[in-house]
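Please look over the sequence and the structure below before reading on.

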Amino acid sequence: MKIVVIGGTGLIGSKLVKKLGEHGHEAVAASPNTGVNTLTGEGLAEVLKGAQVVIDVSNSPSFEREAVMKFFQTSTGNLLAAEAAEGVGHHVAVSIVGTERMPENGYFAAKIAQEKLIEKSGIPFSLVHSTQFFEFARGIADEGAVDGKVHIAPVLFQPIAGDDVAQAVGRTAVGTPLNGRIEIAGPTQYKMDEFFREALAAWGDTREVVTDPLARYFGSVLGERSLVPGEGAQLGTITYKDWLDQSTAK
């Protein structure tokens with residue numbers, strides 16, 4: 001199949017293009033770097049010619065509330081219109097576990113708006129809700145830093161390796177459209193503060209991790225299950241330790 005990966009030069013997109021190509025598909029990376037801009041519509045009609053599936057793993061360059069909402073609404077609207085014109089048969093998008101639990105979060109609100117556009121488009125679709133990627137752990141720790149200490153809430157946390165995300169998204173893309181969602185997560189569930197205490201130690205980061213029930217996660221106060229999937233989630237196989245060992249070895 002011809003499968004166009006929007007955001008195909010990024011973290012997950014590049015892994016997807018590689019994995020799909022290894023399985024014999026014509027996987028095309030589409031991003032501003034390759035002349036495709038979903039915000040302006042530039043290059044969309046050309047890259048979608050003959051495509052059976054589109055996977056959208058693109059991300060907003062700004063996480064500011066209005067900017068991220070504009071990005072996902074505009075880019076998704078342009079993409080869906082181009083897909084409808086070309087007759088694309090399956091739209092796959094990656095979203096986040098727990099978006100509907102934290103609608104006050106600007107980024108999560110934008111992802112909810114994106115999903116609504118997809119659901120109303122009339123194009124067969126699949127939504128893959130993922131937990132946080134191992135690759136973003138350092139950024140999450142830095143976001144929680146206050147006066148040289150890292151404040152983390154003692155809630156459940158089940159991050160996943162980018163390779164496991166790409167595997168699940170690729171498998172979904174070549175399957176029958178779900179016209180619904182699946183949830184994916186890593187193989188191990190932690191208390192978030194304990195995860196980061198162990199992770200910072202493994203990184204050689206000497207900052208103290210403070211267990212703080214009121215610690216905010218990118219502006220939001222977390223409930224016990226805000227960031228973890230429900231029953232029936234597809235679990236990856238790569239542990240954080242194995243991922244870190246492999247990353248360090250590179």
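Which element supplies the largest share of the lining of the largest pocket? In this predicted model, that share comes from helix H4, with 4 residues. The largest pocket holds about 890 Å³ of space, and among the 38 residues that line it, Ser 58, Asn 59, Phe 63, Tyr 107 and Phe 136 lie nearest its centre. At least two lining residues each are supplied by helix H1, H3, S4, H4 and helix H5.

Helix H4 covers residues 106–120, and from its first C-alpha to its last it reaches 22 Å, which is close to the 21 Å expected at 1.5 Å a residue. At its N-terminal end the helix is capped by Asn 105, a side-chain oxygen of which lies 3.0 Å from the backbone nitrogen of Tyr 107. After H4 comes Gly 122, with a positive phi near 85°.

Several residues of H4 are buried, including Gly 106, Tyr 107, Phe 108, Lys 111, Glu 115 and Ile 118. The buried residues of the helix pack against the elements in this table.

| Element packed against H4 | Residues |
|---|---|
| Strand S3 | 53–56 |
| Helix H3 | 65–86 |
| Strand S4 | 90–96 |
| Strand S5 | 125–130 |
| Strand S9 | 180–185 |
| Strand S12 | 216–217 |

As for annotation, an unreviewed UniProt entry places the feature "domain: NAD-dependent epimerase/dehydratase" at residues 3–60. In the model this span is 28% helix and 22% strand, and its end C-alpha atoms lie 22 Å apart.

Technical notes: Residues are numbered from 1 along each chain as its sequence is written. This is a predicted model: local features need pLDDT of at least 70, side-chain atom pairs count only at pLDDT 80 or more; totals for chains, interfaces and linings use all residues. Side-chain values use heavy atoms; hydrogens and water are left out. UniProt positions are given in the numbering used here, feature names are shortened, and annotations may be inferred rather than shown by experiment. The expected span of a helix is 1.5 Å times one less than its number of residues. Buried means under 20% relative accessible area, exposed over 50%, partly exposed in between (1.4 Å probe, protein chains only). Contact means heavy atoms within 4.5 Å. A polar contact is a pair of N or O atoms within 3.5 Å; within protein, one must be able to donate a hydrogen and the other to accept it, and residues adjacent in sequence count only if both atoms are side-chain atoms. On a 1 Å grid over the protein atoms alone, a cavity is a set of points where a 1.4 Å probe fits but cannot get out, and a pocket is an open set with protein on both sides within 12 Å along at least five of seven lines; lining residues have an atom within 4 Å of a point. Grid points are joined across faces, edges and corners, and a volume is the space filled by probe spheres set on the points.
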